[in-house]
Amino acid sequence: MASFIQGYDEERFENKVNQNFLCQICFNDLKEPVVCLINQHCFCRSCITKHLENFKTCPTCADELTVETLAEPPRMVKNLINELKIRCVYIDRGCLEVVQLQHLDRHEETCGYTPAVCTNQGCGLIVNKRDQIHHESEVCKFRKLKCHSCEEITKTLAGVEERIAKIEKNNITVETKNVDLERNPGMLKEISQI
């Protein structure tokens, strides 16, 4: 089942909207307006489509109506609606933009306050799109850190491991000679004569 999208909340508009631009079903400001042919009652496309799933009449005048018989409102009505000034849907996230309704979708697609999920494995925090890179690379406790001296540390560690291996080899050689001397005390005299 498709999601049901009502009209625009009246509080989002910069100025009070004329009552003629309200949907007769959701009583919000018209979103994708359509009209019944006979009496020109206006509805949001999604509101009337949902209504027509159960009823085959206009909810205002009760004339016969189907999705196929819905019409576009007159151009002047569409122009007046498109020129209304509306706040971005992400106002609660910090966006203060007010745009004409006709530009709202374009703005909201690129708005820096759009919620974005951190892509670092294990985080999942929702941040503003404009802050995502900073969060993921500088702030997130799950970010991958790049070591600027890793190559140097790797070389130093390899050198230390090489020295430890030589020391262990020398210790084994010394321990072997000590065991040989303990077993054969006469060997000590031979070594001292050399």
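Modeller: His135 is buried, with a relative accessible area of 9% (buried means under 20% relative accessible area, exposed over 50%, and partly exposed in between, with a 1.4 Å probe and protein chains only). This is a predicted model, where local features need pLDDT of at least 70, side-chain atom pairs count only at pLDDT 80 or more, and totals for chains, interfaces and linings use all residues. Residues are numbered from 1 along each chain as its sequence is written, and side-chain values use heavy atoms, with hydrogens and water left out.

His135 belongs to helix H4, residues 132-139 (helices are DSSP runs of H or I with at least four residues, strands are E runs with at least two, both numbered from the N terminus). Leaving aside residues up to four places away in sequence, His135 touches Cys118, Cys123, Leu125, Val127 and Cys140; a contact here is heavy atoms within 4.5 Å. As for Asn120, 15 residues away along the chain, its C-alpha atom is 9.7 Å from that of His135.

A disulfide is a covalent bond between the sulfur atoms of two cysteines, and the cut-off used is a pair of cysteine sulfur atoms within 2.5 Å. The structure holds zero of them. Take Cys61: its closest cysteine sulfur is in Cys58, 3.6 Å away, so that is too far for a bond. Cys61 is partly exposed, at 23% relative accessible area. Cys95 has its closest cysteine sulfur in Cys111, at 3.7 Å, again too far for a bond. With 3% relative accessibility, Cys95 is buried.

On to the rings. There is one aromatic pair in the structure, where rings of Phe, Tyr and Trp (its six-membered ring) pair if their centres lie within 6.5 Å, with planes under 30 degrees apart called stacked, over 60 edge-to-face and the rest tilted. The partners are Tyr8 and Phe13, with centres 6.3 Å apart and planes at 85°, so they meet edge-to-face. Both Tyr8 and Phe13 are buried.

Phe27 has a positive phi of about 60° although it is not a glycine. Phe27 is placed in the segment before strand S1 (33-35), and its 54% relative accessibility makes it exposed. Gln40, not a glycine either, also has a positive phi of about 60°. Gln40 lies in the loop between S1 and strand S2 (42-44) and, at 40% relative accessibility, is partly exposed.
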